[in-house]
Amino acid sequence: MALPDLASQLEAQLGEAVSLNTSVSDLTTYRLGGPVAVVVRVFSENDLVTVGQIISSAQDEIPLIVIGRGSNLLVADSGFMGVGIILDGDFTEVKIEPGLRLTAGGAVPLPVVARQSAAAGLTGLEFLVGIPGSIGGAVRMNAGGHGREIREVLDRARIVDIQSGKTRICRADDLDFSYRSSNVKHHEVVVQAELRASLDDPDACRKRIDDIVRWRRENQPGGANAGSTFKNPSGDSAGRLIDSAGLKGLRVGGVVVSEKHANFLQAEEGATARDVYELMKLVQRKVKESCGIDLESELHTVGFDENL
Ligand SMILES: Cc1cc2nc3c(=O)[nH]c(=O)nc-3n(C[C@H](O)[C@H](O)[C@H](O)COP(=O)(O)OP(=O)(O)OC[C@H]3O[C@@H](n4cnc5c(N)ncnc54)[C@H](O)[C@@H]3O)c2cc1C
């Protein structure tokens, strides 16, 4: 089954939840990149299983991408000729239960988790306030900041495999977490996570949140970017290396190395995904020349000839 037939089948089953040729610029924090051929909003696990069955029944392999808040994604200007899955509905819920456990659907924004847990007098999740991703994206990426990572607070994650239709319930140890990485595959969807926290005074929690938000404003640029572009090499910081190589202000087309934080590549009006990609390659080359270190991309790049 070719992509247009698959799109018709998805539309027949899921109606308005399916949209064609959706610009990825509306779905990512970079606000650039081409169209995603088919976007499906799934509102329940049943929907997800239906999508999986339709995709698996196609003879051709259909490229698949799960799109969270799009805060770590760079999609090429030519777009993505496949199916993009976006969680909605049931996956936007947060439950705080006695026993210091917070359960959040895969689509819940991390700042919402941080603020709701703080308001309930739970501490330990404040670091999530500065990361503009979703719970699902954070588990996939092992997102972290301010000395903590999601793996330290994750009790269990519920993950649906689109290809097999099977669900696995994982403890943090099952996910092979390492720095900004996990074993979650591109055809798996993190639909829910249970996070641990401990009791504290809500005002103290809010104060920590305010401090993190202030720190972010003072040290990171706003605007269109995807946060840190490169992973920190062991024992050093990518931002420091890029700065030491004299690359702040370096530009390709409409994308520039931030003066405020050298690991952020800022997209200006008229920038293209190709500009970001070429600037990433240029920064990698110049840092290698300057100190011999190979910077590895933290961003997930989609639709380019080569992963950086
Ligand atoms: C201003 C800014 C600051 C940032 N600061 C930080 C930081 O301090 N620390 C940090 O770690 N990151 C940071 N990031 C990057 C980003 O927010 C995180 O990587 C986040 O975890 C990505 O989540 P997302 O929902 O946006 O995922 P997306 O960008 O949508 O996707 C990223 C990857 O996760 C996959 N994915 C998304 N949702 C799911 C799901 N439900 N199930 C399975 N796979 C999924 C996607 O397919 C893709 O491979 C920052 C980004 C920005 C723009």
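User: Why are α1 and α2 described as roughly antiparallel to each other?

Analyst: Helix α1 (residues 3-14) and helix α2 (residues 45-57) pack at an angle of about 155°, and α1 and α2 are therefore roughly antiparallel to each other (under 35 degrees is roughly parallel, over 145 roughly antiparallel, 65 to 115 roughly perpendicular, the rest oblique). Their axes are 10 Å apart, an axis being a line fitted to C-alpha atoms over the stretch in contact, with angles from 0 to 180 degrees between N-to-C directions. The model is predicted: local features need pLDDT of at least 70 and side-chain atom pairs pLDDT 80 or more, whereas totals for chains, interfaces and linings use all residues. Residues are numbered from 1 along each chain as its sequence is written.

User: Is the crossing of α1 past α2 left-handed or right-handed?

Analyst: α1 passes α2 in a right-handed crossing, the term for a near helix turned clockwise from the far one by less than a right angle, anticlockwise being left-handed.

User: Which residues make the contact of α1 with α2?

Analyst: Leu6, Gln9, Leu10, Gln13 and Leu14 in α1 meet Asp47, Thr50, Val51, Ile54 and Ile55 in α2 (contact: C-beta atoms, placed from the backbone, within 7 Å). By class, the contact of α1 with α2 comprises six nonpolar, three polar and one charged residues.

User: What makes α3 and α6 roughly antiparallel to each other?

Analyst: Helix α3 (residues 110-119) and helix α6 (residues 202-219) pack at about 155°, with axes 8 Å apart; α3 and α6 are therefore roughly antiparallel to each other. Ala114, Arg115, Ala118 and Ala119 in α3 meet Pro202, Cys205, Arg206 and Ile209 in α6. The contact of α3 with α6 has six nonpolar, no polar and two charged residues.

User: How many residues surround the ligand, and which are the closest?

Analyst: The ligand is surrounded by 34 residues, the closest being Gly68, Gly133, Gly136, Gly137 and Gly227 (a residue is near if its C-beta atom, placed from the backbone, lies within 6 Å). Two or more shell residues come from each of β3 (64-66), α4 (135-141), β9 (144-145) and β13 (188-196). α4 gives the most to this shell, with five residues. By class, the shell around the ligand has 14 nonpolar, 16 polar and four charged residues.

User: Into which domains is the protein divided, and what separates the centres of domain 1 and domain 2?

Analyst: The protein is divided into domain 1 (9-89), domain 2 (92-218) and domain 3 (222-302). The centres of domain 1 and domain 2, taken over C-alpha atoms, are separated by 23 Å. Their contact takes 20 residues from domain 1 and 19 residues from domain 2. On the side of domain 1 that touches domain 2, α2, β3 and β5 (80-87) each supply at least two residues. α2 gives the most to that side, with eight residues.

Technical notes
Helices (H or I, at least four residues) and strands (E, at least two) are DSSP runs, numbered from the N terminus. Two residues are in contact if their C-beta atoms, placed from the backbone, lie within 7 Å. Ala, Val, Leu, Ile, Met, Phe, Trp, Tyr, Cys and Pro count as nonpolar, Asp, Glu, Lys and Arg as charged, and the others, Gly among them, as polar. Domain bounds come from an automatic or database domain assignment.
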